Amino acid sequence: MTPGSPDEVLQWMEAGRLPPDAAVQMLARFQSSAALREDTKRDRAETVPESPDEVLQDLDRLVGLGEIKRVVRDVRAFVEIQRVREEHGLSRTQQSFHMIFTGAPGTGKTTVARVVGRMFRSLGVLSKGHMVEAERADLVGEYIGHTAQKTRELIKRALGGVLFVDEAYSLARGGEKDFGKEAIDTLVAAMENYRDDLLVILAGYPDEMSAFLATNPGLMSRFPLRLQFRDYSAQELVTICRRMVRERDYALSLEAESGLLMLFSDHQGYWHKNAGNARMVRNLLEHAIRRQAVRLVNRRTPLTRHDLMTLTWSDFEGGAG
Amino acid sequence: MDLLILGKPNVGKTLLMINLAAYLGLREIQLDVEDADGRSRSLRLGLERARRELVSMRAPKTLTVQSVGLEASLGRQKVRLVAVDTPGIGEGIPDENHVRHQMALTLERLMSAALVFHVVDASTVGMRRVEAPGPFDWALMELGRNMAAAYLLVANKMDKPGSQEGMRHLKERARGITIIGVSAVTRRGFRDVKSWMMRTLA
Ligand SMILES: Nc1nc2c(ncn2[C@@H]2O[C@H](COP(=O)(O)OP(=O)(O)OP(=O)(O)O)[C@@H](O)[C@H]2O)c(=O)[nH]1
Ligand SMILES: [Mg+2]
């Protein structure tokens with residue numbers, strides 16, 4: 001039997017099953033597969049990392065999220081001032097930046113988490129700033145020991161960046177005997193061990209999240225930063241939609257815009273259960289683009305550039321169904 | 001970007017890191033040290049003090065992975081590098097858990113580092129000493145061959161007797177690998193190391 005991956009090689013060596021020379025030989029074998037060389041090339045291409053200002057500009061470009069933008073700026077200020085203090089020989093306040101994001105789906109949590117990772121990288125707090133997304137199935141295993149192993153592997157991938165756990169409370173779903181508990185414990189241990197090069201963000205619906213934290217008091221103190229993602233307003237959703245449309249080289253007709261504003265403001269009908277959800281806007285738009293194509297293909301007259309670009313209200317009507 | 005410095009115990013990794021940092025223009029060293037219990041601390045040391053406290057007469061001295069942030073001016077471009085000094089890795093399987101843990105951490109960093117300095121002691125080639133090049137070094141050189149541009153074999157202690165002889169032997173083994181002879185003490189060879197870094201990062 002031999003290890004099946006570089007990670008396993010390291011595990012075997014750590015367990016005392018391999019001397020270092022054999023471990024390096026095996027790593028060399030895995031390494032000659034091109035993937036890793038690609039990685040180092042990419043790393044080297046990034047000799048000029050983004051500046052915090054550049055990252056914040058990207059954050060500012062996101063629609064809405066006023067309160068969140070403010071908190072992220074505060075964090076940036078804190079980190080920079082701590083560094084300057086240190087340069088003056090003053091002590092550094094050790095502060096962890098693990099975060100809780102609460103909000104409904106489609107309120108920008110994942111997008112902001114990515115930006116946060118990049119920002120910490122630009123500030124030199126995280127070495128890579130990438131993000132690994134996880135949910136219960138990625139962390140929880142099927143038998144004893146499996147969970148810790150799965151969780152640790154995921155953490156390894158997230159090292160240097162952000163581990164984003166969506167619907168974090170589902171880890172506590174099965175009660176005391178469930179392996180989810182083990183995943184939480186492993187996660188907390190890793191947060192201690194790699195405290196300088198790993199940022200953990202737990203995300204989910206506000207109510208479920210509060211209940212989850214209340215039953216896991218150990219977690220509370222480890223996640224000092226709480227960000228609340230409000231549902232987008234109707235106007236914000238229209239702005240988001242307009243941007244998505246533009247990115248795809250389309251444009252909204254005037255009646256399409258006002259129709260969408262009405263739809264997004266309607267808290268009674270179809271839209272109600274998805275109110276404030278930017279992801280649904282994307283679905284809606286993708287359906288509209290398909291309907292526009294059908295509409296145009298059946299037309300006899302020659303198609304202009306304007307025709308090809310414009311999405312009319314009739315393309316949107318009927319929702320994402 | 002990580003510059004990983006690894007090799008056998010007592011080959012001069014730590015002194016090389018400190019003196020190279022000084023050569024690249026750093027006046028003070030900020031060390032992020034990871035203690036055996038996994039906590040990390042941040043220390044600021046003048047170069048003299050860093051040499052005194054971190055470099056030892058007896059192996060092994062560096063017990064945990066520690067890193068130094070470097071803002072290197074390589075020619076006209078400024079590059080932010082994190083030099084990562086690692087505990088020496090000896091041959092065979094060590095008994096202590098934490099030593100094996102540090103070994104695993106080091107090799108893990110090896111797989112993701114942008115630049116790798118593999119340091120060997122050229123003055124002990126063929127000897128029976130902890131710092132003498134051995135199977136671990138030969139394996140690492142093969143790995144380095146695949147890493148191509150990112151890997152540099154640093155033959156240290158070129159100021160010591162017997163090092164010329166050792167260097168010849170190393171070169172023999174290192175066909176196709178870039179090898180630079182240096183002395184962390186006298187700083188000879190540092191210019192070549194710097195220009196290698198410039199070329200590699202360009
Ligand atoms: N003559 C000579 N001695 C050197 C040179 N480089 C390092 N040394 C000496 O070698 C000894 C070990 O140096 P370190 O820098 O602590 O070696 P290390 O590889 O970091 O050791 P570990 O961290 O224990 O693996 C010290 O006594 C240094 O002064 C060199 O180029 N020439
Ligand atoms: Mg050392």
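The dialogue below walks through several features of a predicted model.

Colleague: Among contacts in chain B between residues at least 6 apart in sequence, what share joins residues at least 24 apart?

Modeller: The share is 70%. For a separate example of positions set apart along the chain, take B:Pro161 and B:Ala122, which are 39 residues apart in sequence and whose C-alpha atoms are separated by 9.6 Å. B:Pro161 belongs to the loop between β7 (151-156) and α5 (163-173) of chain B, and it counts as exposed because its relative accessibility is 73%, the cut-off for that class being over 50%.

Colleague: How many salt bridges does a search of the whole structure find, over all chains?

Modeller: The search finds 22, and one of the pairs is B:Lys8 with B:Glu91, whose closest N and O atoms are 3.0 Å apart. B:Lys8 sits in the loop between β1 (2-7) and α1 (13-23) of chain B and B:Glu91 in the loop between β5 (77-85) and α3 (97-112) of chain B, so this pair ties together parts that are 83 residues apart in sequence.

Colleague: Is B:Lys8 buried or exposed?

Modeller: Buried means under 20% relative accessible area, and B:Lys8, at 2%, is therefore buried, whereas B:Glu91 is partly exposed at 35%. In another salt bridge, B:Arg129 pairs with B:Glu131, the closest N and O atoms being 2.9 Å apart; here B:Arg129 is partly exposed at 45%, and B:Glu131 counts as buried at 4%.

Colleague: Which residues are joined into one network by salt bridges that share partners?

Modeller: The network consists of A:Asp53, A:Arg76, A:Glu80 and A:Arg83. Within it, the closest N and O atoms of A:Asp53 and A:Arg76 are 2.9 Å apart, and this pair links distant parts of the chain, with A:Asp53 in helix α4 (residues 52-61) and A:Arg76 in helix α5 (residues 66-87) of chain A, 23 residues apart. A:Asp53 is partly exposed at 43%, and A:Arg76 is buried at 15%.

Colleague: Which residues gather in a patch of negative charge on the surface?

Modeller: They are A:Glu135, A:Asp138, A:Glu167, A:Asp207 and A:Glu208. A:Glu208 lies in helix α10 (residues 206-215) of chain A and, at 36% relative accessibility, counts as partly exposed.

Notes. Residues are numbered from 1 along each chain as its sequence is written. Chains are lettered from A and ligands numbered from 1 in the order in which they are written. This is a predicted model: local features need pLDDT of at least 70, side-chain atom pairs count only at pLDDT 80 or more; totals for chains, interfaces and linings use all residues. Side-chain values use heavy atoms; hydrogens and water are left out. Patches are made of residues with over 30% relative accessible area and no salt bridge: like charges are joined within 9 Å, nonpolar side chains (Val, Leu, Ile, Met, Phe, Trp, Tyr) within 5 Å. Accessible areas come from the Shrake-Rupley method with a 1.4 Å probe; for residues, only the protein chains shown count as cover. A salt bridge is a side-chain nitrogen of Lys or Arg within 4 Å of a carboxyl oxygen of Asp or Glu. Lys and Arg count as positive and Asp and Glu as negative; His and the chain ends are not counted. The place of a charge is taken as NZ of Lys, CZ of Arg, CG of Asp or CD of Glu. Helices (H or I, at least four residues) and strands (E, at least two) are DSSP runs, numbered from the N terminus. Buried means under 20% relative accessible area, exposed over 50%, partly exposed in between (1.4 Å probe, protein chains only). Contact means heavy atoms within 4.5 Å.
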